[in-house]
Amino acid sequence: MAQLPTTLIHHPYAPPQGFEAPQPGVFKASTVFFPTVAAMRQRDWKNRSAYTYGLHGTPTTYVLEQRLCTLEGGLHCLLLPSGLAALALVALSLLKAGDEVLLPDNAYGNNKPLFDAEFTHWGITYQIYDPMDVADLQARISERTRLVWLEAAGSVTLEFPDLPAMVRLCKARGVLTALDNTWGAGLAFAPFDLLPTQEPGLGVDISAHALTKYPSGGGDVLMGSVITRSPNLHQQLQATHMRLGFNVAANDAEAVLRALPSMALRYAAHDAAARTLAQWCTQQPQFVQVLHPALPTSPGHAHWRVVCQSAAVGGQADGANSDANGGAGRAAGLFSVVIAPEYSQRQVDAFCESLQLFRIGWSWGGPVSLVVPYKLASMRTRWPAHISRGTVVRFAIGLESVADLQADLAQALRTLQ
Ligand SMILES: *Cc1c(COP(=O)(O)O)cnc(C)c1O
């Protein structure tokens, strides 16, 4: 079978009669016509072989759903107006009063307030677990635990958890697993088949993905997806999705469809550049720690090797990352540094502002490199034992020349001397 980049480019779709082209068409509709009243009554919005109303899907959104299933190795996909909406849908659909959710301490920042400020009103509780301690997760699972969120690598500090052990544990306890797969993006590992040779089929129940990042690739589209392999889970998620009126605009779907064929190449380029720069940062005395899962000193590096080096996902450019660069597995173009505690927040902010190519801004996955200084103490239940004291600054590496980015970091570092 062809590898992933090829299958995404040669992905079948049904073109209009006599017109076949590289990209599928952009179909826009609220109203969809039915030939007869009987046909209207007969058509089922849940059935992807027919159309009922724009909100329930168009030829454009169906093609995007199918390609995202191919990307992540799932069978059913729902599209949402943002990555955060995808996280919210999972909770809205699967949880009821009395249920408890477990979130990793390094969860995507906006997933925590969702439970803190919204779902607690409805009698849904949550606990935070240590993402680097399977025993801590195990101890927190009770008969009320319905869902465990997983993130690999974790947001901002990029620890890589023991994903296979956590999934095995949750399966044994009958708890659903949902992975925020934005970092891996379907390219670093297969969320529904984590260890394809050793343990085929071991995977999460649900993969949520902020398509805003690598699938969009432009820094100009907000979108999310929720993918499953289970028809039952999908039906439940789809019913909530429909009742709440979520979907995406045709032109946004088209923008993501247009970016998908180049996604594997872009991911590899972001990855190679981030590793080169992360390595370089390990040699700068102002940085007391560099967090990137492919660095042997980074928390969870051994777990990253197991999952990301045995990945069955296809693609070229694995050769771009030699053993010297952490090994042949893949990683997103993100890394963080811990700036030595003797530098004040004001000095760290000045360092970020003195960067010329790196722009100050949220999100990632687009062409422009980004920098964000974080106040980690306010984001975690406690300062993680595996993170050095200091100020955490995250870099999202874009598609600029690596030499130019390194020169930019070097000139900005002079503000910290
Ligand atoms: C960006 C991001 C989200 C949210 O995506 P939006 O489209 O910005 O709402 C969720 N999870 C992770 C890990 C992200 O990086």
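Strand β9 (residues 334–339) and strand β12 (residues 391–396) are paired antiparallel through six bridges, with S336 placed opposite R394 of β12. The model is a predicted one, in which local features need pLDDT of at least 70 and side-chain atom pairs count only at pLDDT 80 or more, while totals for chains, interfaces and linings use all residues. Residues are numbered from 1 along each chain as its sequence is written, and side-chain values use heavy atoms, with hydrogens and water left out. Helices (H or I, at least four residues) and strands (E, at least two) are DSSP runs, numbered from the N terminus, and two strands are taken to pair if DSSP finds at least two bridges between them.

The β9 and β12 strands belong to an open sheet of five strands with mixed pairing, in the order β8-β9-β12-β11-β10. Its edges are formed by β8 (287–291) and β10 (359–360), each of which pairs on one side only. Helix α10 packs on this sheet, touching β8 and β9, and its direction makes about 15 degrees with that of β9. Contact here means heavy atoms within 4.5 Å; axes are lines fitted to C-alpha atoms, for helices over the stretch in contact, and angles run from 0 to 180 degrees between N-to-C directions.

Within α10 lies H270, which is buried at 0% relative accessibility. Buried denotes under 20% relative accessible area, exposed over 50%, and partly exposed the range in between (1.4 Å probe, protein chains only). With neighbours within four places in sequence left aside, H270 contacts Y214, G333, G365, G366, I397, G398 and L399.

Helix α10 (263–282) is also, together with α3, a packing partner for the buried residues of α9. These buried residues of α9 are A250, A253, V256, L257 and A259. Two packed helices are described by the angle between their axes and the distance between the axes. For α3 (residues 59–72) and α9 (residues 250–259), the axes come within 9 Å and cross at roughly 35 degrees. The crossing of α3 past α9 is left-handed, that is, the near helix is turned anticlockwise from the far one by less than a right angle, clockwise being right-handed. On the α3 side the contact involves T60, T61, V63, L64 and R67, and on the α9 side A250, A253, E254, V256 and L257. Six residues of this contact are nonpolar, two polar and two charged. In this division Ala, Val, Leu, Ile, Met, Phe, Trp, Tyr, Cys and Pro count as nonpolar, Asp, Glu, Lys and Arg as charged, and the others, Gly among them, as polar.

Elsewhere, strands β2 (residues 100–104) and β3 (residues 125–129) run parallel and are joined by five bridges. L102 has Q127 of β3 as its bridge partner.

The peptide bond between A152 and A153 is cis, with omega about -5 degrees; A153 is in the loop between β4 (145–151) and α7 (163–172). L158 lies in the loop between β4 and α7 and has a positive phi, near 60 degrees. L158 is buried, with a relative accessible area of 2%. A185, in the loop between β5 (176–180) and β6 (206–210), likewise has a positive phi, about 60 degrees, without being a glycine. The relative accessible area of A185 is 0%, and the residue is buried.
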